[in-house]
Amino acid sequence: MRRTGTTRRGALTATGALALGAVLTGCGGDDDGAGVKKPAHSGARATSAKAEKALREKAVRDGALLLARYDLVAVAHPAAAAGLEPLRAAVAEHGKALAPPRAKGEPKGDKAPPAPAGPVPAGPKAAVRELAAAERRRADAHTEALLSAGPELARLLASVAAAAAAHAYLLTELAEETAV
């Protein structure tokens, strides 16, 4: 007799497809320099360019910390590295999409990413669970930032928050499948 209902494989497939959709729609390049006029935003939800730049910079900084954390876990636990790589690549793309646009002539800000705090847990299961918790915090932070973001940035933050939530779920499943 065949089991009906939602299986783990089906849930992972659906979540992966959702995350991929969020990455593809939320992390596409913008049309700067393509001659496309951007609409003027008005109203209480529109933020100043300075506030939006600060939101973007914070999101990029947080993403850089998470990337460094992924790298530390992959080095400390090579058996988990293959499962982490696609998620790490998506986090890197999110950072590119969230980076504030540079003005013409502005130097590229290639600062070294900040070092992540704390050591990596000794067990791979605990290390992957810690990454899942970091992704949940990132999803929550982006969701909270939606309230003060302009419409375009809010859409991007919502997509990245959805992807981070999917990453947290996938990392939790990976932690369960990881040997102690």
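Residues are classed as buried under 20% relative accessible area, as exposed over 50%, and as partly exposed in between. In the predicted model, Asp-62 is partly exposed because its relative accessibility is 27%. Lys-58, at 41% relative accessibility, is likewise assigned to the partly exposed class. These two residues form a salt bridge in which the closest N and O atoms are 2.7 Å apart. Asp-62 and Lys-58 are four residues apart in helix H2, a separation of about one helical turn.

Helix H2 comprises 28 residues (49-76) and reaches 40 Å from its first C-alpha to its last, close to the 40 Å expected at 1.5 Å a residue. The buried residues of H2 include Leu-55, Ala-59, Gly-63, Leu-66, Leu-67, Tyr-70 and Val-73, together with the charged residues Arg-56 and Arg-69. Among the elements that cover the buried residues of H2 are helix H3 (78-98), helix H4 (124-145) and helix H5 (151-177).

Arg-56 is buried, with a relative accessible area of 12%, whereas Glu-52 is partly exposed at 23%.

In total, eight salt bridges are counted. One of them joins the side chains of Glu-176 and Arg-129 at 2.9 Å, N to O. Glu-176 lies in helix H5 and Arg-129 in helix H4, so this pair ties together parts that are 47 residues apart in sequence. Glu-176 is partly exposed at 43% relative accessibility, and Arg-129 is partly exposed with a relative accessible area of 41%.

How values were computed. Residues are numbered from 1 along each chain as its sequence is written. This is a predicted model: local features need pLDDT of at least 70, side-chain atom pairs count only at pLDDT 80 or more; totals for chains, interfaces and linings use all residues. Side-chain values use heavy atoms; hydrogens and water are left out. Helices (H or I, at least four residues) and strands (E, at least two) are DSSP runs, numbered from the N terminus. The expected span of a helix is 1.5 Å times one less than its number of residues. Buried means under 20% relative accessible area, exposed over 50%, partly exposed in between (1.4 Å probe, protein chains only). Contact means heavy atoms within 4.5 Å. A salt bridge is a side-chain nitrogen of Lys or Arg within 4 Å of a carboxyl oxygen of Asp or Glu.
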